[in-house]
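Subject: Structure for you to look at

Hello,

Here is the structure I promised. Please open it next to this email and follow along.

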Amino acid sequence: MIFRVRMFGMARDIAGMAWVELEISQMPVTVKFLKQSLLQKFPGLSSLLTYEIAVNLEYAQDSQVLNPQDELAVIPPVSGG
């Protein structure tokens with residue numbers, strides 16, 4: 001199964017692209033497993049102290065099961081004033 005993930009902010013800088021595709025054969029795929037897969041593909045993500053995964057425009061828990069059709073995004077910490 002192919003999962004397409006949009007990268008924002010520092011995550012985009014680390015990946016070097018706005019979108020990444022991950023082929024994952026293990027099912028079911030959870031948010032936690034997706035994070036581990038992203039870290040394997042982009043070890044630089046470990047430099048982020050924390051980041052969230054959004055699924056269909058909502059922040060997701062690590063235990064949430066994903067479908068390849070889901071809209072996925074990596075949301076790194078943001079600062080501002």
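Start with R4: it lies over the face of W19, at 4.1 Å from the ring centre. A charge counts as over a ring if NZ of Lys or CZ of Arg is within 6 Å of the ring centre and within 35 degrees of the ring normal. K35 has its charged end over the ring of Y51, 5.8 Å from the centre.

Two notes on the source. This is a predicted model, where local features need pLDDT of at least 70 and side-chain atom pairs count only at pLDDT 80 or more, while totals for chains, interfaces and linings use all residues. Residues are numbered from 1 along each chain as its sequence is written, and side-chain values use heavy atoms, with hydrogens and water left out.

Next, the sheet. Helices (H or I, at least four residues) and strands (E, at least two) are DSSP runs, numbered from the N terminus. Strands pair if DSSP finds at least two bridges between them. Five strands form an open sheet in the order β2-β1-β7-β4-β5, with mixed pairing. Its edge strands are β2 (19–23) and β5 (58–59), and each pairs on one side only.

Now go pair by pair:
- β1 (residues 2–7) and β2 are antiparallel, over five bridges. Here R4 turns up again, opposite E21 in β2.
- β1 and β7 are parallel, over three bridges. R6 stands opposite A73 in β7.
- β4 and β7 are antiparallel, over four bridges. V55 has L72 in β7 as its bridge partner.

Helix α2 (residues 31–41) lies across β1, β2, β4 (52–55) and β7 (72–75). It runs at about 105° to β2. Axes are lines fitted to C-alpha atoms, for helices over the stretch in contact, and angles run from 0 to 180 degrees between N-to-C directions.

Then the core. A nonpolar core is a set of buried Ala, Val, Leu, Ile, Met, Phe, Trp, Tyr and Cys residues joined through side-chain atoms within 4.5 Å. The largest one has 22 residues, and L38 is among those that touch the most other members. Beyond its neighbours within four places in sequence, L38 is in contact (heavy atoms within 4.5 Å) with V20, L22, L45, I53 and V74.

Last, find L48 in the loop between α2 and β4. Is L48 buried or exposed? It counts as buried, because its relative accessibility is 13% and the cut-off for buried is under 20% (exposed is over 50%, partly exposed in between; 1.4 Å probe, protein chains only).

Best wishes
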